[in-house]
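Please consult the sequence and the structure shown below while reading.

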2 protein chains.
Amino acid sequence: MGSSAIRELLKVTEQTDIISFAGGFPAAEYFPVERFREASDYVLKNYSSRALQYGTTEGFQPLREYMVNKMAKLGVKRSVENVLITSGSQQSLDLVGRIFINKGDRIITERPTFIGSMQSWRAYQAEFITLPVDEEGMNTEALDETIKLKPKFMYILPNYQNPAGVTLSMDRRQTIVKLARQYGIPIVEDDPYWELRYEGEHLPSLLSLDEEMGRVRFSGESARDLDHGKVIYLGTFSKTLAPGLRLGWIMAPAELIRDCALAKQGMDLHTSMFVQMVAYQVVKDGFLEEHIAQVREVYRERRDIMLNAMSREFPSVVKWTRPQGGLFLWVTLPEMVNSLGILRKAIESKVAFVPGSAFYPDGGGDNEFRLNYSNAKPEQIEQGIKRLGKVLASELETAALNI
Amino acid sequence: MGSSAIRELLKVTEQTDIISFAGGFPAAEYFPVERFREASDYVLKNYSSRALQYGTTEGFQPLREYMVNKMAKLGVKRSVENVLITSGSQQSLDLVGRIFINKGDRIITERPTFIGSMQSWRAYQAEFITLPVDEEGMNTEALDETIKLKPKFMYILPNYQNPAGVTLSMDRRQTIVKLARQYGIPIVEDDPYWELRYEGEHLPSLLSLDEEMGRVRFSGESARDLDHGKVIYLGTFSKTLAPGLRLGWIMAPAELIRDCALAKQGMDLHTSMFVQMVAYQVVKDGFLEEHIAQVREVYRERRDIMLNAMSREFPSVVKWTRPQGGLFLWVTLPEMVNSLGILRKAIESKVAFVPGSAFYPDGGGDNEFRLNYSNAKPEQIEQGIKRLGKVLASELETAALNI
C-alpha cells in the first residue's frame, strides 16, 4: 500500500474526536505568538519595504550569520558562504535531489526512513538501498559493502530518528564518516530534532566529526581545505520554533551552496524575506534556546506519559523504542500482525497512527507503526493509548486464534 | 554567452551609483508597509498559533477563495479546488516542469521569453521550440505546423510580455486557444502583469477564452466537463503587491491541481501559513485593487518618461516596443551591433540593462536588450537614458566605421 493511500486513510484524523498520534506537528499551544507579533511589528517598522522586496537567493544575511554562530558553539567552524536559507527542510531535501540525483542513481537510506525524503527523491527517480536501524541507529555492519555500490550519497537522521526514534551511537557515527571520506561519498545529515534531547548527552554531528577528521588529515593546510568535507547538514526551525514559517537551512561546502543557490533560483527564487527577517528577530539574543528549554520539558513529559501508558495498556508481546529526544517512537508487533489492518480498527476506536510500511523505501515494516507524542495533550495521550491498547489486545487475540 | 555569465556581469549593478534598468523589481517606495504591519498584527492576534503551525499544501482557504472571486470578475467561473497557492510564480513554473517535462520533451515558448521559465525547465531537460514575437505578441503563423511536433505544452505571456513588453492580440489569443484544444496541448498562461495596464482595453485571458469555448462545445453537459480545459493559469502577488512575500497561485483543472499539490508536498510541503494569512488580510475588502490603481499611475508615468527620453536621446536607427502595461520594454539595435558589448560600455557609464540573448532559449537576440522602468525614479530614468543614449551613439558610430 502506497503512502498516498495511507494519507487518504488518515484524512479522518482531521475529525476532532479522533486522538491522532499520526502527525509530526509540534505543540501549537507553546508557539511564542506574542514574540512573533513584536518581531513582525519591529521588522516592518525598521526594515520597512526591504522586508517586502525581492532578496538574495542565499538568504537574509543576519540569519545566515546566526546559523554560523549557532553551529560554531557545537565546534563547527564555517562562514556565511557555507549557509543557504531554504523554504523549510523539505525544500532542502528537494535541492539535494535536484543537484545529486539522476534517474536510477542509488542512495543509501536508513530502513525505516523519513517519508518526505522519499517523496522528494522519487521525483528524481532515485533507487533506494536501505540499511536497517536498531536501538543504536543505522546498523553499519554492511555499510562497507553497500558503499561499494557507488551511491550518490547516504541519508542519515542521527538524532531520535523520524520515524524510529532511535539515536545513532558514537561508534557508528565515526564509522559512517570514515567510510564516507574513504570512498568520497557525501552524507546528507538531516538533524531537525537535536535540541529536543530529554536525557543523555548530545553526540557530535556527522558534520562536526567530518570537520574534526579534516583537521587531522589536513593539518598544516589552509582553512579552505576544510571546506571540502563531505557532509551536507540540514537544519530547520519547524520543530523548535514554528513549522508554519517554512524555514530551514543547509550547511555545506561553499561550492555546493553555490550549486544549491542556482538550483533554488529555478525553484522559488528565494525564501520570503519577510519571514526570514521576522524569524531572525524572534530567535536572536538567546530567545530560541530559552524557548527550546521550555518545549523540551513539555515534550519530555509527553514522551514519559506515552511510554508509561504503553507499559500499562499494551499487550506484553508488543515492543517499542524509548527515544532520548524528538517527537516519535516506534512500535513493533508480532510478525503475523499487519499494522494497516490495526489502523482501520484504531480509527473506528477514534485513535490513529502511521503504519510502518509508509516509511520503508523498498517494502517491509508491515508489523510496525509510528507514534507521535508532541501534538497531543497529556490526557489525550493517556486516553489514546488506552484506546489503542484495547484495539491491539483484541487484534492480537484474533490473530493468535487464526494461526 | 549564458545567462549566468550575464548575471555575473550585472552584479556591479548593486553599486549604488549605477542606474539599473536591468532588474524586474517593483517600486519598493510604494509598498503598503503600514497595511502589512496592521495585517501581521491582526493575524497573530486573531489566528494566533494557527499562523505558525503546519498547513495544507493547497493553501489557506480564504486566499484560495479570494482568487476564485477575483477571477470570477473576469468571467472565469472556477472553485477552490481549481486553485493552488504557491511560493511565488517561480515555484508555479517549477511545478509545471515537474509534472509535465521528461528529458527531451518539447515545449513551445515565445522568442524572446521569460528567463525564469527557462531556468526551471532546463533542470528537467526540456527542449525549447520557439516562435517569434512581434508587436502583437507571439506570431501564430507557424503555430499549426509547430504544434504537430507534439509539445508537452505551450508557454505564453499574453500581457506586456517579459521581456518584450508586447501584448498578444485578440485574434492570436483565439488562434492559440483553438489550436490548443484541437490538438489537446495544454497552455501555460503566465500572467503576472495584467492589472498593470496603462492604456487600451483589457483583453480576455486564454483561460477565459478556453472556458468560453468549452461552454459552446459542451452545452448541455455538466459543469464538471468545463473543468477539463487545457489552460494552466499562473498568477502572482509579486508585481502588484510585494515580491518579498513569495506568493503566487495556479488556476487549473482540479485533477491537475491535485497533481501539483502532490508534487508541491515533495518540494516545500506548503507555502508559509503566516505569509498567506497576512497577504489575505492585506488584499481583502478591495485594498489590492485600490493599491494597484496607485502603482499603475506611478509606472505609467515612468514608462512615459522613459519612452520620451529614448525618443530624445537614442540614435534614430534604434527601435523599441511601446508597452501598453507591465514593467519592461524591448530595444532593437541594428543587426551588426552586439548588446553584450554595449552593456560593458554602459556599465562603465554607470547604467545597465539585460542583453537580449539572455531571453532566447535557442540563440539569437544579440542586437536586442530589455529595459525595466518600474524600479528607477523619474529623474534616474532621465539620467540613465541620457547616459545610455551616449553609449549607443558612440558604439553605433564605431560599428558603422568598422563596416
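## Surface and overall form of chain A

Chain A exposes about 15200 Å², of which carbon and sulfur atoms supply 48%. Accessible areas were computed by the Shrake-Rupley method with a 1.4 Å probe, and for residues only the protein chains shown count as cover. The model is predicted: local features need pLDDT of at least 70, side-chain atom pairs count only at pLDDT 80 or more, and totals for chains, interfaces and linings use all residues. Residues are numbered from 1 along each chain as its sequence is written, chains are lettered from A and ligands numbered from 1 in the order in which they are written, and side-chain values use heavy atoms, with hydrogens and water left out.

The secondary structure of chain A consists of 14 helices and 14 strands; these are DSSP runs numbered from the N terminus, helices being H or I with at least four residues and strands E with at least two. The radius of gyration of chain A is 21 Å, close to the 22 Å that the globule rule gives for 403 residues, so chain A is as compact as a globular protein of that length. That radius is taken over C-alpha atoms, and the rule is 2.2 Å times the number of residues to the power 0.38. Along its principal axes, the C-alpha trace of chain A spans about 70 × 55 × 40 Å.

Of the 403 residues in chain A, 61% are buried (under 20% relative accessible area; exposed is over 50% and partly exposed lies in between, with a 1.4 Å probe and protein chains only). Among the contacts in chain A with a separation of 6 or more, 76% join residues 24 or more positions apart, a contact being heavy atoms within 4.5 Å.

## Relation of the two chains

Chain A can be laid on chain B with an RMSD of 0.0 Å by a turn of 180 degrees and a shift of 0.0 Å along the axis. The two copies are thus related as by a two-fold rotation axis. The superposition is by least squares on the C-alpha atoms of residues with pLDDT of at least 70 in both copies.

Of the residues of chain A, A:Ser40 comes closest to the rotation axis, its C-alpha lying at 3.3 Å. Because 100% of the interface residues of chain A are also interface residues in chain B, the copies meet through the same surface.

## Salt bridges

Over all chains, the structure holds 42 salt bridges, each a side-chain nitrogen of Lys or Arg within 4 Å of a carboxyl oxygen of Asp or Glu. One of them joins A:Glu199 to A:Arg322, with the closest N and O atoms 3.0 Å apart. This pair links distant parts of the chain, 123 residues apart: A:Glu199 lies in the loop between β7 (187-190) and α8 (206-217), and A:Arg322 in the loop between β10 (319-320) and β11 (328-332) of chain A. A:Glu199 is partly exposed at 30% relative accessible area, and A:Arg322 is partly exposed at 45%.

In chain B, B:Arg78 and B:Glu211 form a salt bridge at 2.8 Å, N to O. B:Arg78 is in the loop between α3 (61-72) and β2 (83-86), whereas B:Glu211 is in helix α8 (residues 206-217), 133 residues apart. Both B:Arg78 and B:Glu211 are buried.

## Cysteines

The structure holds 0 disulfides over all chains, a disulfide being a pair of cysteine sulfur atoms within 2.5 Å. A:Cys260 is buried, with a relative accessible area of 2%, and B:Cys260 is buried, also at 2%.
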